[in-house]
Amino acid sequence: MEAKKLAIIATKGSLDWAYPPFILASTASALGYETQVFFTFYGLQLLKKKLHLEVTPLGNPGMPMPMGMDKWFPVLGMALPGMQAVMTAMMKQKMKQKGVASVEELRSLCQEAEVKLIACQMTVDLFDMDRNDFIDGIEYAGAAAFFEFAGESDICLYI
């Protein structure tokens, strides 16, 4: 019997959006799925050697906030200088307290599990990105190459 296939398109490059593609891909691979993740536009940030990821509290009204801030703190307050850095630090601390793996650890786990990580060649060229800034072991391809796999996948997710 042929293995099930999971195709993921990762388009976001923030800390809070880094977890879903790597958690889903590593889990699927552990369950025996053949898995590919296509990183395009801002999602390419997740493949960089040096990660500088922050959370996006302003654009995420569903984000739980400490001290019930999501109930009483005005949304406009999230635009104050330094709020993104504060929320990022709080999120990282919470993840550490709960024993959540880092993005780097999850990314390595995916590579060990033979998840194919694909950087969108068109986006790399569009933003004049340097291939030396990306981790080793990834592939570069266009959307057409990814569609070949996605078209035959049992599950296709856009994140």
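Select Gln 36, which sits in strand E2. Helices (H or I, at least four residues) and strands (E, at least two) are DSSP runs, numbered from the N terminus. Contact here means heavy atoms within 4.5 Å. Neighbours within four places in sequence aside, Gln 36 is in contact with Leu 6, Ala 7, Ile 8, Lys 116, Ile 118, Phe 146 and Phe 149. Is Gln 36 buried or exposed? Gln 36 counts as buried, at 8% relative accessibility. Buried means under 20% relative accessible area, exposed over 50%, and partly exposed in between, with a 1.4 Å probe and protein chains only.

A note on the model comes next. This is a predicted model, in which local features need pLDDT of at least 70 and side-chain atom pairs count only at pLDDT 80 or more, while totals for chains, interfaces and linings use all residues. Residues are numbered from 1 along each chain as its sequence is written, and side-chain values use heavy atoms, with hydrogens and water left out.

Now show the whole protein chain. The chain has 6 helices and 5 strands, and from the N terminus on the elements run β-α-β-α-α-α-β-α-β-α-β. Of the 159 residues in the chain, 41% are buried. Among contacts between residues at least 6 apart in sequence, 78% join residues at least 24 apart.

Select helix H1, residues 15-30. The 16 residues of H1 should span 22 Å at 1.5 Å a residue, and the end C-alpha atoms are 23 Å apart, which agrees. The expected span is 1.5 Å times one less than the number of residues. Colour the buried residues of H1: Leu 15, Asp 16, Ala 18, Tyr 19, Pro 21, Phe 22, Ala 25, Ser 26, Ala 28 and Ser 29. What covers these buried residues includes strand E1 (5-10), strand E2 (34-39), helix H3 (83-97), H4 and E3. After H1 comes Gly 32, whose phi is positive, near 95 degrees.

Two packed helices are described by the angle between their axes and the distance between the axes. Axes are lines fitted to C-alpha atoms, for helices over the stretch in contact, and angles run from 0 to 180 degrees between N-to-C directions.

Which residues make the contact? H1 supplies Leu 15, Ala 18, Tyr 19, Phe 22, Ile 23, Ala 25 and Ser 26, and H4 supplies Val 103, Leu 106, Arg 107, Leu 109 and Cys 110. These residues divide into 10 nonpolar, 1 polar and 1 charged. Ala, Val, Leu, Ile, Met, Phe, Trp, Tyr, Cys and Pro count as nonpolar, Asp, Glu, Lys and Arg as charged, and the others, Gly among them, as polar.

Select Leu 106 in H4. Leu 106 is buried, at 11% relative accessibility. Leaving aside neighbours within four places in sequence, Leu 106 is in contact with Tyr 19, Phe 22, Ile 23 and Ala 101. Leu 106 and Ser 26 are 80 residues apart in sequence and 7.5 Å apart in space, C-alpha to C-alpha.

Move on to Glu 114, in the loop between H4 and strand E3 (116-120). Glu 114 is not a glycine, yet has a positive phi of about 65 degrees. Glu 114 is exposed, with a relative accessible area of 70%.

Finish at Asp 128, in the loop between helix H5 (121-126) and strand E4 (139-141). Asp 128 has a positive phi of about 50 degrees although it is not a glycine. Asp 128 counts as exposed, at 70% relative accessibility.
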